[in-house]
Amino acid sequence: MPGDDLLHGAGFVATRAISIAASPDRVWPWIVQVGYGRAGFYSYDLLVNLGRPSTEEVLEEFQSLSVGDLAAPMTATADDRTAFRVASLDEPRSLVWSKPDSTWAWRLTADGAGGPVLAPA
């Protein structure tokens, strides 16, 4: 996975994949806007977004990311303890977030039917 070279000897490693009936360029905008105070986490909003519903639309103000930017903040005060930094991105194929003790990689690969396989790890 992209970013595997960033963290050696991780205490926990997992790779998960899902298929989505959309092209990678249509999924990409949803990934880059993830985070508290942004689009949310598209998960259990009561637990991971303090009860605020995750957005149901692409938010233009969160569509521009660069290497080094804070990404996916977990709390209102986004800093290196409470958010990841963008370690690499290859729009719309891969995005890697990193912290000193963890990484999260997204790889979007079109499957044979034209949809991506979304693999956060």
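Modeller: Helices (H or I, at least four residues) and strands (E, at least two) are DSSP runs, numbered from the N terminus. By that rule the protein has 2 helices and 6 strands. Along the sequence the pattern reads β-α-α-β-β-β-β-β. This is a predicted model, where local features need pLDDT of at least 70, side-chain atom pairs count only at pLDDT 80 or more, and totals for chains, interfaces and linings use all residues. Residues are numbered from 1 along each chain as its sequence is written, and side-chain values use heavy atoms, with hydrogens and water left out.

Colleague: Why is A72 called buried?

Modeller: Buried means under 20% relative accessible area, exposed over 50%, and partly exposed in between (1.4 Å probe, protein chains only). A72 has 1% relative accessibility, so A72 counts as buried. Buried residues make up 38% of the 121 residues in the protein.

Colleague: Where does the model have a cis peptide bond?

Modeller: From E91 to P92, with omega near -5 degrees. P92 is in the loop between β3 (84-90) and β4 (94-99).

Colleague: How do you know that the side chain of S54 makes a polar contact with the backbone nitrogen of Y42?

Modeller: A polar contact is a pair of N or O atoms within 3.5 Å; within protein, one must be able to donate a hydrogen and the other to accept it, and residues adjacent in sequence count only if both atoms are side-chain atoms. The backbone nitrogen of Y42 lies 2.9 Å from a polar atom of the S54 side chain. The backbone nitrogen of F41 lies 3.3 Å from a polar atom of that side chain. Both distances are within the limit.

Colleague: Is S54 buried or exposed?

Modeller: S54 has a relative accessible area of 12%, so S54 is buried. S54 is found in the loop between α2 and β2.

Colleague: How many aromatic pairs does the structure hold?

Modeller: The structure holds 6. Rings of Phe, Tyr and Trp (its six-membered ring) pair if their centres lie within 6.5 Å; planes under 30 degrees apart count as stacked, over 60 as edge-to-face and the rest as tilted.

Colleague: Why is the pair of F84 and W97 called tilted?

Modeller: The ring centres are 5.8 Å apart and the planes meet at 35 degrees, so the pair is tilted. F84 lies in strand β3 and W97 in strand β4, so the pair ties together parts 13 residues apart in sequence. Both F84 and W97 are buried.

Colleague: What makes the pair of W97 and W106 edge-to-face?

Modeller: The planes are at 70 degrees, with 5.6 Å centre to centre. That angle is over 60. W97 has a relative accessible area of 3%, so W97 is buried. W106 has 11% relative accessibility, so W106 counts as buried too. F84, W97, W104 and W106 form one aromatic cluster.

Colleague: How do you know that K99 lies over the face of F84?

Modeller: A charge sits over a ring if NZ of Lys or CZ of Arg is within 6 Å of the ring centre and within 35 degrees of the ring normal. K99 lies over the face of F84, at 5.4 Å from the ring centre.

Colleague: Which residues have the most contacts inside the largest nonpolar core?

Modeller: A nonpolar core is a set of buried Ala, Val, Leu, Ile, Met, Phe, Trp, Tyr and Cys residues joined through side-chain atoms within 4.5 Å. The largest has 17 residues, and those with the most contacts inside it are I31, V86, L95 and W97. The elements giving two or more residues to this core are α1, β3, β4 and β5 (102-110). The largest share, 4 residues, comes from α1.
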